[in-house]
Structure formats: structure tokens, C-alpha cells
Amino acid sequence: MIYLLKSDGTQLKPLLDTAKNKDDEKIYREGLVYQQIKTDFHGKCYLCEDDEVTSIQIEHFEPHKNDLTKKYDWNNLFYACGHCNNIKGANFWPLLNCTDQTDQVWESIEIHFTPFPKVTVEISVSETCLKQQEAENTRKLLEKALIGKDATAMKKDEAAIIRKKMLRAYNQLTIAINKKDDEAIRQAISDKSAFAGMLRWTLKTEFPEQFAKFCCAGA
Ligand SMILES: [Zn+2]
């Protein structure tokens, strides 16, 4: 997970207010509202950071529980994949907010990816994290989404598909490092890239010189 700058949505709020009066969910599934959410989240699920999802969902960061104000609140609309949104439901709350810089999501949730001898993903909460409860819930949610921990067989299979994509991104990054291809490294860890959070942690822990060079936290 990484911090994402969400636009303030000033021009979209009147549209959302109108839709709220009719409880018209279409407002965030097409048109200007949908397009702006997609742009702000770089077409990636904010939880797993996959950018090739076939089931896109605009989800409510704070469960709305039929509270129409929360349901049509611009700041509460996030871009997610069906896999993660389905796991999240209203089960994990409160969570770290990736659109709130003060929550320091990347710094708080460490994602360690190991490709060999078996692909493994370890997720932990950093000691410096200021919001321990939110971070712990976020960690548990990501464990279920990326590792399939405490999940159904179907969800475990979905998690395994995401890990395959993570492996591909990991390999691309290590190839770029071996080739000393600075542009490719910069691209791999940019906000727009799939699994940028995991890749930044890979740099930090395995390639500290590169981490210092590309100054990941602000990438
Ligand atoms: Zn996802």
C-alpha cells in the first residue's frame, strides 16, 4: 500500500449530492466521478496494488451501512478489486487511509516478498507506526488478500494469482537493478506502478543503496 494523492473533488460534489438524493449508484460507476477515482488511484486496487483487475469496484473506504452521506461522500470512494473489496466488506475497520498522508501507510505496513525457493509474502506493522489499531487491521486484511490467510479455498486461489503478478513485478525490478537501468527502476516504484509498495520495501531491505538513490518514500 502506498500513499495516493486524491483530488479534492470540488467539481464532483454537486453531482454526488444529486445522486445521493436518488440513491443512484451509477454516479460512481461511470462518467466524471468514476474517471476521476480511476485517475487518482492510477487504475490500481489500493489494497493489493494490482493494476490488471477484471473486476473493478468503487468501494466505500468507511463502510456506509446505508448512510447515504457516507455512500456519496467523495472522500469515501476508493478504487478496489473485487477480491479485496469482497474480503474487506465491513469486517476490517478502522483501517489506515492511503489517501491521508499523515497515516503513513507505506511506512506503517511492511511487505516482504521472497521469490525463492517458494514465493512468500510477509506483512508486518512497523514499530514506528502511530496508528497501531488501524495498521493491525490493515495488516490482517492484506494477509487475507495476498496470502489467503484464514480465507476460503477460492480466495486462497485468487491470492495465489495476485502473488504470481507480484513475482513478475519483483523480477522486473531485479532485472532493472542488475542492468543498472535507472529509468526502469524509477518506473517500477512510481505511484502508478503495480505493487509499488512491495517493490519499495524490496529496495529498502535488499538494495539499500538503490533505495537511498531513488528516495522511495517520496517517489
Ligand atoms: Zn485488490
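## Basis of the model

This is a predicted model, in which local features need pLDDT of at least 70 and side-chain atom pairs count only at pLDDT 80 or more, while totals for chains, interfaces and linings use all residues. Residues are numbered from 1 along each chain as its sequence is written. Helices (H or I, at least four residues) and strands (E, at least two) are DSSP runs, numbered from the N terminus.

## Domains

The domain assignment of the protein chain, with bounds that come from an automatic or database assignment, gives domain 1 (13-88) and domain 2 (101-207). The centres of domain 1 and domain 2, taken over C-alpha atoms, are separated by 23 Å. Domain 1 contributes 12 residues to the contact and domain 2 contributes 15 residues, where two residues are in contact if their C-beta atoms, placed from the backbone, lie within 7 Å.

On the side of domain 1 that touches domain 2 there are four nonpolar, two polar and six charged residues. In this classification Ala, Val, Leu, Ile, Met, Phe, Trp, Tyr, Cys and Pro count as nonpolar, Asp, Glu, Lys and Arg as charged, and the others, Gly among them, as polar.

H7 passes H9 in a right-handed crossing; a crossing is right-handed if the near helix is turned clockwise from the far one by less than a right angle, and left-handed if anticlockwise. From H7, Met166, Ala169, Tyr170 and Leu173 meet Met198, Leu199 and Thr202 of H9, and the residues of this contact divide into six nonpolar, one polar and no charged.

## Burial of H9

Eight of the 11 residues of H9 are buried, so H9 is largely enclosed by the rest of the structure. A residue is buried if 20 or more other C-beta atoms lie within 10 Å of its own, exposed if 12 or fewer, and partly exposed in between, with C-beta atoms placed from the backbone. The buried residues of H9 are Ala196, Gly197, Met198, Leu199, Arg200, Trp201, Thr202 and Leu203, and what covers them includes helix H5 (105-108), strand E3 (109-114), H7, helix H8 (182-188) and helix H10 (208-214).

Isoleucine 87 lies in helix H4 (residues 82-88) and is buried, with 26 other C-beta atoms within 10 Å. Its C-alpha atom is separated by 9.3 Å from that of leucine 142, although isoleucine 87 and leucine 142 are 55 residues apart along the chain. Leaving aside neighbours within four places in sequence, isoleucine 87 is in contact with Leu141, Lys144, Ala145 and Lys155.

Glycine 43, in the loop between helix H2 (31-40) and strand E1 (56-60), is partly exposed, with 16 other C-beta atoms within 10 Å. Glycine 43 and serine 193 are 150 residues apart in sequence, yet 9.5 Å apart in space, C-alpha to C-alpha. With neighbours within four places in sequence left aside, glycine 43 is in contact with Lys38 and Asp51.

## Backbone geometry

Most residues other than glycine have a negative phi, and most peptide bonds are trans. A cis peptide bond joins tryptophan 93 and proline 94, with omega about 0°, and proline 94 is in the loop between H4 and H5. The peptide bond from phenylalanine 116 to proline 117 is also cis, with omega near 0°, and proline 117 lies in the loop between E3 and strand E4 (120-125).

Lysine 65, in the loop between E1 and helix H3 (68-71), has a positive phi of about 45° although it is not a glycine, and lysine 65 is exposed, with 9 other C-beta atoms within 10 Å. Asparagine 66, in the loop between E1 and H3, has a positive phi near 65° and is exposed, with 8 other C-beta atoms within 10 Å.
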